[in-house]
Structure formats: C-alpha cells, structure tokens
Amino acid sequence: METFVCAGCGRIYLEKSERCVHCGSDMEERPASGRGIVYSFSSVHMGAQGMPTPYLLVLVELEEGGRILARLADDDESEPSIGGKVIFSGLSDTGPVFRML
Amino acid sequence: MRGVSIIGVGITPFGVREESLVALGAIACRNALEDAGLAPEQIEAFFLGNFAGQAFVGQNHIAPMVAHATGLGAVPCTRLEGACASGGLAMRQGVLAVASGQVDFALIAGVEKMTSAETDETASILAAAGDVAVEASVGSTFPALFGLIARRHMHEHGTTREEIAHVAVKNHAHGKLNPNAHMQKDVTLPQVMDARPVADPLGLFDCSLISDGAAAVVLCPAETASAHHEKPVEVLASAQASDSPALSDKRDITTFYATQKAGEEAFSQAGLSREDVDLAEIHDCFTMAEIIALEDLGFFARGEGGRGAVEGMTKLGGAMPVNTSGGLKSKGHPVGATGVAQIHELTLQLRGEAGARQVPGAEVGLAHNLGGSGATCAVHILGATA
C-alpha cells in the first residue's frame, strides 16, 4: 500500500498530488503495510445520493499512524469491531476499501 | 466595546412551509422588528445566516433579497455561511457591529428551505458541510459521521444506546409544548430504540428534522435597550471557534475542540461559571451531539453527558433544562435558521414569555450552535434584565 503524507499537517492521502489540498505543504511518499485497526465503524442504511445501501464505513487507524475513512469490502461479511484488524484491499470509485483480517 | 442587548425576536413556525426562502426570512424579520417596535428604516446593518440556498432552491445572494422584502433599504447586507452554525455566526457579527459602536440597530436573521429536495439529495447537500474529498466521496453522510462518533463514544466512555435515545424522548417532550415546533409530539424510548436504522447505532429518531423556517433578532446598545423593550435581554458573551471538519484529522472524535474553545471563551467573557446557567439550547443535530456538547461545555465530566436526560437534570423541571424549544430534534433544523432560533428561544425564556415550557425564574441562558462535524462553533450567553 502506497501512501502520501503531508509534511505540514500529517494528513494521509492514497493518491499522489503536488501539494496537500488541506494545508498546501509538500507531500512525502511513504510505503505502508496496509494494515490497521478499526477505530470506529457505522453501517449506513440511508446513504448519499446515488450510493446503493447498506454499506459499511470504517475509520481505520493505520499501523504507521494516521486515520483514513474507508469502506469495508461489500463481500466482507465479517462483523466489524473496534480494535479489529483490517487490511487495505484497493481503491474503488468511493475511495479506499479495507477487509477484516 | 459596549454592551449589546436583544430588543426584538421573531420566528416562523418550523416544518414544511409553502413560502419561498426569501419570504420566510422576511416574515421572521418583520416579526422581530414589530417586537422591537422599530421601523425597517431604523436598521443600520443586516446579517443573514444561510447554509445552502443555491443547492436547496437554486438561489444564492439572499441577504439583500430578504432585506429588500423586509423594507430595510440600502443598508449593508451580509450573508454568513458556517454550515449548521451559519445562524450563530450571523448573530456574532451583529453583536460585534453593535458592540464596536459601528451601528446602533442591527437585524440578524437565519433561514433555510430544505423540504423541496428529496431526502437523498438533502443528505448529499448536507454532506458538503464535511470534508467532501475524504468523507462524502467515500459515502459518509452526516448521520454516518455521527454514527462513527457515537460508536466510539460508547466504546471509550461506556455511553449506552439507551442514554443516547433518552435525548430524543426528552427533546420531543419539550417540543410538544412549542407551538412553532415541526414535530409537536412525544416519542417513546422503544420507538427511538427500534426505529429504522439510518447509520447505526443511530436510527431515524436520533436525527434532527429536515425543515423549512426562519428566525430573526434585533440588537441595540445595552445602555439604550430599555427605551425600546420593557424586558431587554443582554448578550453576556459571544464566542466562536474552529477546527478541521474531517474525523480523520481529529485526535479524539468523542469531543469537539471548537465547542470546548468557544465555551471557555464565552464563560470567560461573561464572567460566569457553569452553575450560573439556568437553561441551554444545545445543538442536537443528532442525539449523540447533545451529550458530547454537554461534556465539551463543562456541564458534565467526559463520558457522563448521557446522564443528563436519563436522570432528568436536562429535562424541564431539572437543574438545567436543555432544549426547551424541542431542539433541532423536535422543533426542527432549518440549517441556517437554527442558531438564531436558539437565541429566539432563550430570549422568550429570559423574558418569562415561554408559556407551557417556561423555566421559572430563568436569568442566564446559553446557546451552542455547531457547524458540520465540529469545524465551526458559536456560543452565546444571554442574561435577563435584573
């Protein structure tokens, strides 16, 4: 898993950009294991426009530090829990996707 | 800086309204001017809170339109946008304009018209109050963000589903007594607990209402207020603070830093302590949000906020009733109007004009208005005339 970390505010991105869209500082490439733990999660039943429900949102704390909001893979039927281990499985139209380990 | 007082308030009933966005704003403004006994041409500055006129009804630039419909003439008109705290920001700008001596009479209003959009469209419009690049694009709606927050609060502090649900029961019991509330009826604990899930652990009755409505306030210098109203209400504090909206940027998502900062600043300005507050209007966009705000403002220790509604401290008749208006939960949440409507409710209470929901002898009231997932917060403290 490749991440890009802002040298200024520490924000983590999964896609490369010139500068941090949050604070404008330079970005540094940082390889990540893709492993993390569930910091919180919510199953969304009434969703955003054009997004079929239900889907599971997970706020993931990465092993290397920092958190990102992601989806749990649609075909992952395991019951998430706070502190549960997850691994990055790729980027979709709706951003990062993780699986429970 | 000189003291500032409220000499007039106005509101429209909240709910599904036929009137246009601009008409709603003008109705509330005229009601407030009538309450203050002022003619429109006496107003010297106008501040309007509105979140998403363009997205909801296709109209931006509404401050001069509401001013024109109210008959204010050529006065400076400024629209403030701070998501769900837009009304609180408008109030603060009005307070600063009068406190600085720049103007003697300022009119503040907040308005939103939301019910003409479909529910999923509304969810997407509201989601833009968060960080779209890292949240809405992933599918987070506001109920989802507060679902994540609630789950973490339950995990860290042992807050229970029942405690969270009790906030809805309480605020509906209050809103039932408010003739301007959107949903004037009780809900039971089982109704809240067993409601259709929206973003678990939050269900339908944990979410505030999608409403149309407007509210307005007239301000003048405290030293001349009694010439305009027999019961002026003094603005004892007007504070505002900010934070990053994205949950992934927050060290701890069970607290809102902007609320803590604005709260501390407000109590410092007013020279009061938490025990001095007789009632509060708290931003209950979701049931969980009221519990967190009670903790962030220092009324309860961290993790103890859930006790408020369960044990009755925050109910009418309790030590510090919270959301006597019904709150966003039952009175309704026309986003841009909410912060001003909170000031409307406190003003009625501090004048002793709140009818069936009156808090006896209320002298100090606090209004807490939160924007998005905590990126903006406005806190006002108001005091009755001795």
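Start with the cavities: by the rule used here there is 1 cavity of 30 Å³ or more. A cavity is a set of points, on a 1 Å grid over the protein atoms alone, where a 1.4 Å probe fits but cannot get out; points are joined across faces, edges and corners, and the volume is the space filled by probe spheres set on them. The largest cavity holds about 30 Å³ of space.

Before you click on, note that this is a predicted model, with local features needing pLDDT of at least 70 and side-chain atom pairs counting only at pLDDT 80 or more, while totals for chains, interfaces and linings use all residues. Residues are numbered from 1 along each chain as its sequence is written, chains are lettered from A and ligands numbered from 1 in the order in which they are written, and side-chain values use heavy atoms, leaving out hydrogens and water.

Now select B:Ile11, B:Asn178, B:Asn180, B:Lys331, B:Ala341, B:His344, B:Glu345 and B:Arg357, which line that largest cavity (lining residues have an atom within 4 Å of a point). The lining splits into 2 nonpolar, 3 polar and 3 charged residues; Ala, Val, Leu, Ile, Met, Phe, Trp, Tyr, Cys and Pro count as nonpolar, Asp, Glu, Lys and Arg as charged, and the others, Gly among them, as polar. Helix α13 (335-351) of chain B gives the most to this lining, with 3 residues. Helices (H or I, at least four residues) and strands (E, at least two) are DSSP runs numbered from the N terminus.

Next, pick helices α7 (161-175) and α10 (287-296) of chain B, which pack at an angle of about 100 degrees with axes 8 Å apart. Axes are lines fitted to C-alpha atoms over the stretch in contact, and angles run from 0 to 180 degrees between N-to-C directions. α7(B) and α10(B) are therefore roughly perpendicular (65 to 115 degrees). Show B:Val167 and B:Ala168, among the α7(B) residues that meet α10(B), where B:Met288 and B:Ile291 are among the partners; contact means heavy atoms within 4.5 Å.

Stay in chain B for β8 (233-242), which pairs antiparallel with β1 (4-11) over 3 bridges; strands pair if DSSP finds at least two bridges between them. B:Ile6 stands opposite B:Val233. β8(B) also pairs antiparallel with β11 (376-384) over 9 bridges, and B:Glu234 has B:Gly383 as its bridge partner there.

Finish in chain A, where 3 strands form an open antiparallel sheet, ordered β2-β1-β3. β2 (12-13) and β3 (27-31) of chain A each have a single partner strand, so one side of each lacks a neighbour in the sheet. Select A:Val5 and you'll find A:Glu28 of β3(A) opposite.

How values were computed
Parallel < 35°, antiparallel > 145°, perpendicular 65-115°, else oblique. 1 Å grid on protein atoms, 1.4 Å probe; cavity = no way out; pocket = protein on both sides within 12 Å on 5 of 7 lines; lining within 4 Å.
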